[in-house]
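Please go through the structure below with the following briefing at hand. The points are grouped by topic.

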Amino acid sequence: MDWADHCDKALHDAHAAGAWAVRAVAEVVGESTACRRLFSKQRARSALLVGLDNAGKSSILCSLPQVRQRLQKFARDHGLDELRVDPTTALQLVKFTMARSSHHRLHRRAMVNWHVWDMSGEGRARPLWLYYCSLVQAIVFVVDVTDVERIAIARNELKHLFSHPSTRGLPLLVMANKTDVTTGNDESFASPRTTPRRIATEMLKGMLDLDALQVEHGLHVKLSECSAETGKGIEPAFQWLTDHVNW
Ligand SMILES: Nc1nc2c(ncn2[C@@H]2O[C@H](COP(=O)(O)OP(=O)(O)OP(=O)(O)O)[C@@H](O)[C@H]2O)c(=O)[nH]1
Ligand SMILES: [Mg+2]
C-alpha cells in the first residue's frame with residue numbers, strides 16, 4: 001500500500017469511526033506535510049474588504065475586539081490619546097484570528113488566521129480591487145446606509161468585482177454600516193414625499209441586486225446590519241465569514 005492509499009484508508013476508517021478517531025489517525029500519519037495541513041486546526045485565509053470611500057471599512061476592522069486591543073496597546077505605547085481612522089491610502093493589511101463555530105465536525109473550534117486587505121474605496125483606487133480579488137478566499141463589501149445618492153455606484157462596483165472569474169463561488173459578506181445614525185424617519189427612502197436619508201436594510205438587498213449575484217455566481221451571500229461606531233453586528237458578521245470560508 002503506498003502513502004496516498006494509506007492516507008485514504010486512514011481517512012475512510014476515521015470517518016466511519018467518528019471525528020475523535022480522525023485526530024488519533026492524524027497523529028499517527030502526521031509525518032506527511034500534506035496530511036498535517038489536512039488535519040491542522042489553523043488556517044490562514046485572506047479576505048478583500050471593499051466598498052465606496054467613507055463607507056466605514058477601516059472603522060469596522062478597528063472595532064473588532066481582536067484588532068482594537070492591539071491598536072489601544074499601540075496608542076498607549078506611543079502616548080496617543082485617541083485612535084483616529086484616516087481615509088486609507090491604496091490599501092493596508094490587517095491580521096487577526098477568529099475561531100470557527102463548533103458545527104464543523106472534524107475541526108471543532110478550529111482557528112482562522114485572517115489576512116484582511118483593507119482597500120481604499122476612492123474611485124481611482126478601485127481598479128486595485130480586481131487585482132487583489134484573485135488572492136483571497138472571501139469578499140467583504142461595506143455599504144454606508146446613509147449614502148443614498150451613491151448606492152447605484154456601489155451596486156455597479158460590486159457587480160464589476162464579481163465579473164472577475166476569481167470571485168466565483170467566494171463567500172460574500174455585505175455589511176450595511178452606520179445603522180446607528182438616526183434620521184428621524186428611518187424608512188424615509190420608501191416614501192417619495194420625504195427626503196431620502198437612510199436606506200432600510202431590507203431594501204438594500206434589492207438595490208444591490210444580491211439575489212441575481214447569488215444565483216449568477218453561485219455565491220454564499222450574507223447581508224448584515226452593523227455599526228462601527230457602536231460595534232453592533234460586527235463580530236457576528238465576521239463569525240459568519242469565518243464559518244463559511246473554504247476550509
Ligand atoms: N456614525 C457612524 N460613522 C461611521 C461608522 N463607521 C465609520 N464611520 C465614519 O465614517 C468615516 C469614514 O470611515 P472609514 O472607516 O475611514 O471609511 P473607509 O471605508 O475605510 O474609507 P476609505 O479608506 O477612504 O475607503 C469616518 O469619519 C468614520 O468615523 C458608523 O458605523 N457610524
Ligand atoms: Mg479605509
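Thr242 counts as buried because its relative accessibility is 0%, where buried means under 20% relative accessible area, exposed over 50% and partly exposed in between, with a 1.4 Å probe and protein chains only. The model is a predicted one: local features need pLDDT of at least 70, side-chain atom pairs count only at pLDDT 80 or more, and totals for chains, interfaces and linings use all residues. Residues are numbered from 1 along each chain as its sequence is written, chains are lettered from A and ligands numbered from 1 in the order in which they are written, and side-chain values use heavy atoms, with hydrogens and water left out.

**Surroundings of Thr242**
- Thr242 is placed in helix 10 (residues 234-244); helices (H or I, at least four residues) and strands (E, at least two) are DSSP runs numbered from the N terminus.
- A polar atom of the Thr242 side chain lies 2.7 Å from the backbone oxygen of Phe238.
- Neighbours within four places in sequence aside, Thr242 is in contact (heavy atoms within 4.5 Å) with Met98, Ala99, Arg100, Val112 and Trp114.

**Magnesium site**
- The magnesium ion (ligand 2) has Ser58 (OG) and Thr88 (OG1) as its protein donors, at 2.0 to 2.1 Å; donors are N, O and S atoms within 2.8 Å of the metal (3.2 Å for Na, K and Ca), and water is not among the atoms, so sites may look incomplete.
- Ser58 lies in helix 4 (residues 57-63) and Thr88 in the loop between helix 5 and strand 2 (91-99), so the pair ties together parts 30 residues apart in sequence.
- Both Ser58 and Thr88 are buried.

**Nonpolar cores**
- The largest nonpolar core has 29 residues, of which Leu48, Ile139, Leu172 and Leu208 touch the most other members; such a core is a set of buried Ala, Val, Leu, Ile, Met, Phe, Trp, Tyr and Cys residues joined through side-chain atoms within 4.5 Å.
- Elements giving two or more residues to this core include strand 1 (42-50), strand 4 (138-144) and helix 7 (151-161).
- Helix 7 supplies the largest share of this core, 4 residues.
- Apart from neighbours within four places in sequence, Leu208 is in contact with Val143, Ile151, Ala154, Arg155, Leu158 and Val174.
- A second, separate core of 28 residues includes Met98, Val142, Trp240 and Leu241.

**Whole protein**
- The protein has 10 helices and 6 strands.
- Of its 247 residues, 43% are buried.
- Among contacts with a separation of 6 or more, 74% are between residues 24 or more positions apart.

Conventions. Polar contact = N/O pair within 3.5 Å; in protein donor to acceptor, adjacent residues only side chain to side chain.
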